Amino acid sequence: MNEIFLYEQKVNKDADYNLWMMFPNVTSFAMSSLGYLWLYKLIDEAENINTERICTDTKEIKINPAKVDAIGVSFSFDFDFLGMLEILDKYKIPFKSKDRENTQFENTLIFGGGPVLTANASPYEDFFDFILMGDGDELNKIVIDICKRAKIEKKAKEEILKKLSEVEGIYVPTLKNKVKKVCCNIKETVHTPILSENSFFPKTFIIEVSRGCSNRCGFCIASYLNMPVRFADYDDIIDKINLGLKHTDKIAFLGALVSSHPKFYDILGYIDNLIDNGRHIELGISSIRADAITPEVIKTLVKAGQKHITIAIEAGSERLRKVINKNLTEEQIRNAVKTARENGLKGIKIYAIIGLPTETDDDIREFIRLAKDLKNENKGFGITFSFSTFVPKPHTPFQYCKREDTESIKKKEDYLKKEFHKLGVGAKFSSAKWDYYQTVLSNGDSSLTDFLIEAYKLGGKLGAFKTAAKNLNIDTDKFMHGKTDNEFISTIPDNNYLKKEYEKLINSK
Ligand code: SF4
């Protein structure tokens, strides 16, 4: 058995409701996705429900597709639709909700949730009967209760959807109801409920220490879609660390910005103390702000087996970091690298973005100057830059910005590649072409559904998207601007706030 369940499983032999929980990627990714596993646990704990995990590489199924009452799809990345269509295809389930009418799946409810759908469900909405907007912790349980009861009462699908549309946070595409994004309090610290060897991070016990980020960088959807920021309770985090350590040595902290937890240093101190007392622990932290790095933090990470650390500077110049609200000084970045080196790490990875609003050639040159200085100041220390490209996202202040065209981004990329090579500093680049299609999906509308299906049918690779657009005569360039007409979803903050914030940032010197 390569799975350890950390909660009590219900044995539901006579369960009267069958649910597939779909993860639109391979099993090892599903088993490392805290959000997916946590929802699986919440639903699996409910009475009278048969729940099955379905991934793109699932070979044998327990619940026959014809007997499935509902399929919940976890949607975390823009391209997850490819995995979803692959699974539906495999079990011969029609992709669009309306095409499931008059088939054996006409009563199967297919619903989705996750950050991508909350941010912009429009391109995908025809696939779903309903969509959960915002935190799913409580909402999924409410949904399942309604659906289970409706089955017992033999309600028609239209009636169930009408009832669901009255629940805060549920959008029913056929009813076009207005919906308010749900934001819940963290009652219990979210943690890995099933430890698995077959995970991208094998047998790693993950703890969600924070949800959202108070820094509010102008482009950051993780911050804006999760306002206000919420932190897990310190004592509960300690309890969860102890729970995890009963079963594994590997602990990881998850959050948009883990170091912003008000007791971040105390939590690390607790781990440090355990290690000093002989407990072997391997610790992973998803995100630390450069100015939160201290000698003590690095020493703990080194003791806990880390060799590298990652910081995000986003822009090369202090001016541009101010515009995007990152507000990291160069001194803070230099100190972070120096502290990491002096206290035993082998290297640092620096995240950055090309094409941010107001970026000039000087800002690009600043990356090279900074890399050169960091290399000279930290001889023998492994420094790698990792560049992605700016994608305007809805619900952020930079939804009012346009993505730079791919050709111009490629020129900047080529220049940086050449200069970093000359410098002998490692530099990796995301694919500007994939980022282009990410922008299309992030800001697209429901006219894209057939384009998505066509891209899937053509193999889902980069060329497939181009050919699909050509075949269906879709002008993808028109989605390069951030989407601001989020007509059916109301979020906090609203467009008035975002516009003011955009103007403030863009005009900052
Ligand atoms: S610091 Fe990181 S997580 Fe926080 S708003 Fe900025 S980019 Fe997002």
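The following exercises, with worked solutions, concern a predicted model of a single chain.

**Exercise 1.** Determine whether the radius of gyration of the chain agrees with that of a compact globule.

*Solution.* The chain has 509 residues, and for this length a compact globule would have a radius of gyration near 23 Å. The value for the chain is 23 Å, which agrees. Along the principal axes, the C-alpha atoms fill a box of roughly 70 × 60 × 40 Å. Turning to contacts between residues at least 6 apart in sequence, 76% join residues at least 24 apart. Buried residues make up 46% of the 509.

**Exercise 2.** Identify the buried residues of helix 2 (residues 34-44) and state what covers them.

*Solution.* A residue counts as buried if 20 or more other C-beta atoms lie within 10 Å of its own. In helix 2, the buried residues are Y36, L37, W38, L39, Y40 and D44. Their cover includes two helices, helix 1 (27-30) and helix 5 (139-152). The strands that contribute include strand 2 (18-23), strand 3 (50-55), strand 4 (70-74) and strand 9 (194-196).

**Exercise 3.** Describe the open sheet of 6 strands, its edges and the helix that packs on it.

*Solution.* The strand order is 3-2-4-5-6-7, and the pairing is mixed. Strand 3 and strand 7 (170-171) are the edge strands, each pairing on one side only. Strand 7 pairs with strand 6 (residues 130-132) in the antiparallel sense, over 2 bridges. Within this pair, L132 stands opposite I170 of strand 7. Helix 5 packs on the sheet and touches strand 4, strand 5 (109-113) and strand 6. The directions of helix 5 and strand 6 make an angle of about 150°.

How values were computed: Residues numbered from 1 in each chain as written. Predicted model: local features only at pLDDT ≥ 70, side-chain atom pairs only at ≥ 80, totals over all residues. Rg over C-alpha atoms; globule rule 2.2 N^0.38 Å. Buried ≥ 20, exposed ≤ 12 C-beta atoms within 10 Å, placed from the backbone. Contact = placed C-beta atoms within 7 Å. Helix = DSSP H or I, 4+ residues; strand = E, 2+ residues; numbered from the N terminus. Pairing = 2+ DSSP bridges. Axes fitted to C-alpha atoms, helices over the stretch in contact; angles between N-to-C directions.
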